Every structure is written in structure tokens, then in C-alpha cells.
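Here is a short report for a reader new to this structure. Please look over the sequence and the model first.

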Amino acid sequence: MTRFVAGRLGQMVVVLFAVSVLTFLIFNVIPNGDPASRMAGKSPTETQVEAIRAEWGFDEPLPVQYLRTMEQVLGGQAISYFTQLNVRDEILRGLPRTLALAVGAAILWMAFGIALGLLGALRAGRLSDRLLTFAALAGVSLPVFWLGAILSHFLGYEWGLFPNGGYVPFAEDPLDWAYHLVLPCATLAVLFTGFYSRLVRSNVLDTMGEDFVRTARAKGLSERRVLLAHVLRNSLIPVVTLWGLDFGAVVAGGAILTETVFDIQGVGQYAAESVGQLDVPPVLAVTLFGAFFIVVLNTAVDIAYALLDPRIRVGER
């Protein structure tokens, strides 16, 4: 196991380095032209451009530019040229909001996805299964910004059942914090619930035909125990892996539209506003943050998967 973990961590370092190089090239080299002028925003003065060029080392060779850029971004020295605020501080301010939204939505889509998928498998071919299939297809097809706007308008503005936007810090009022997150989490979860329910249904139906399930039934185990301890447990291994990847993608930027609709002011919304303002340092920092988060979480999922299934470790030897 130690060898497996060390190998995965080594791969993670290589991928992180490759991601940082590609991100640097995309933002500073590929677009052509002077990166200092792009960073300075609209209508910059020559003094501002020269200051940015000296600060980021854009008058140096490419390897030096890369090192200076990583030093600025990863070292927390990057400053937004639109708001004049420290980029790392702004990301850290929005990260708890994004994590709260992502965790709440991930719990909802996993719970409902498993429940609806299991129900669909047990009722395969019946009317209820067809209705669940239609509901899953509708959930996957609905645009997040449209669904969020509809829920916010009717459940928030018209009927007053929930707040129609904003965010309350957990330390300030835990109940109000959860109350404000109900609609955003539900909106984001709908998109994934339909897909996960179909995935669970397919895995459960495939697992029901396996030899070890027939053996469990032949031993006289109750249908409930066979379903939960053998069928569902083995069906969820790939689902849990996918859940970890999707969760990482949501934190890394997949919740941009939801954050914007409900004005949560998380990392995704910060990135979207920075793009609209042509503010390069925040966009560069958020891109690196998102890529690094996904790579690190993928590595953690691989290690957890190896702990759950020893066959993975055997295949790596």
C-alpha cells in the first residue's frame, strides 16, 4: 500500500507541474502580444504596464517568467488590477461559501441518486421506472441558471418560503446559514441527481446477475441483506469514485452559474466577475486553484479506492 500511495503522490506532483506550465503558457504566451498590457486592463498607462512587466518578470526569458508567475500566484502576492485586492485573500474568502454549496449539493445528489436508482432497478420496466427515467432526463436537461431563477422567483420572492439569494456565514447564524443554502444546493443537485440515479440503476441491474449474488441467495440470506450487503455495496464502488471527481469539478468552478444566480459570492462567482472585467491575475489564480484541487482530489479518490478494493493495489505491482 505504501508503494501504491507513493506512486500516486509522485504522479500527482508531475501532473500539477504540467498543469502549472500549461496554464502559464495559455495566459502569458499563446495569446501573443504583451501579457503586461493584458493584465493592466482597459486603457492602461505606460507606467502601469512597465510596473506590471517588472513585477511579473515579463521582460525576462520564459523560464524566469514562469517562476516569477508561480511565485506571484502561489505565494499569495498577486493583486487584482481592477479591485486592488489580494487575489489569494479573495479566494480564501469565497472558498467556504463554495465548499458549503458543493458539500450540500453533493450530499443531496448522492442520497437521492442512490435512492431513486435503487427504486428504478427494483421496479425495472414498470410505470414507476419509466416515470423516474423521464424525471432523470428532465433533471439533466434543465439549465442550472434557468432552474435557479425559477426556484428563486417562486419559492423565494413570490411565496417567501426561502431566501432568494445571499449568504450568511456559519459562525454568524448556523440555522440561517443552512436556510440560505437550501435553494442553491437543491438547484445544483438536480443536475447530478438524474445522472447518478440512472448510473446506480444500471449498476444494480448488472450486479444482480453476478454469480456471487446468486450464491448469496442460495445460502438462504434474506432479500434485504442480499440487496444491501452485496448488490448495493458492489454497485456503489464506481459511483463513489465518480462522486469524488464531480465534487472536485464543482468546487473548481462547476458551481459558477449557481453562485451567480443566488449571489453567493464564492470562488466561481469571483472568477466570472474577473473574466468580465478582463482582470487576469484573479482568473489565472482561480484556474490554477481549480486545476490543483481536481488533481489532488483525484489522487485522494484513487488512494481511497485502493483501500476499499485491494485488487487495485495488486494491479499496480
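## Basis

This is a predicted model: local features need pLDDT of at least 70, side-chain atom pairs count only at pLDDT 80 or more, and totals for chains, interfaces and linings use all residues. Residues are numbered from 1 along each chain as its sequence is written, and side-chain values use heavy atoms, with hydrogens and water left out.

## Overall fold

The protein chain has 14 helices and zero strands. Helices (H or I, at least four residues) and strands (E, at least two) are DSSP runs, numbered from the N terminus. Along the principal axes, the C-alpha atoms fill a box of roughly 80 × 60 × 35 Å.

## Helix α5

α5 covers residues 87–122. It has 36 residues and reaches 50 Å from its first C-alpha to its last, close to the 52 Å expected. The expected span is 1.5 Å times one less than the number of residues.

α5 bends by about 30° at glycine 94, and proline 96 follows within four residues. A bend is the angle between axes fitted to the seven residues ending at a residue and the seven starting there. Asparagine 86 caps the N-terminal end of α5. Its side-chain oxygen lies 3.0 Å from the backbone nitrogen of arginine 88.

## Helix α8

α8 (residues 174–208) spans only 43 Å between its end C-alpha atoms. A straight helix of 35 residues would span 51 Å. α8 bends by about 40° at valine 182, with proline 184 following within four residues. Aspartate 173 caps its N-terminal end: a side-chain oxygen lies 3.3 Å from the backbone nitrogen of leucine 175.

## The largest pocket

The largest pocket holds about 240 Å³ of space. A pocket is an open set of points on a 1 Å grid over the protein atoms alone, where a 1.4 Å probe fits, with protein on both sides within 12 Å along at least five of seven lines; lining residues have an atom within 4 Å of a point.

α4, α5 and α13 each supply at least two lining residues. α13 gives the largest share, five residues. The lining has 10 nonpolar, no polar and one charged residues. Among the lining residues are Arg88, Leu92 and Phe289.

## An aromatic pair

The whole structure has 11 aromatic pairs (ring centres within 6.5 Å). The rings of phenylalanine 17 and tyrosine 66 have centres 6.1 Å apart and planes at 85°, so this pair is edge-to-face (over 60 degrees). Phenylalanine 17 lies in α1 and tyrosine 66 in α4, so the pair ties together parts 49 residues apart in sequence.

Note on methods. Points joined across faces, edges and corners; volume = space filled by probe spheres on them. Nonpolar A, V, L, I, M, F, W, Y, C, P; charged D, E, K, R; others polar. Polar contact = N/O pair within 3.5 Å; in protein donor to acceptor, adjacent residues only side chain to side chain. Phe/Tyr/Trp six-rings, centres within 6.5 Å; stacked < 30°, edge-to-face > 60°.
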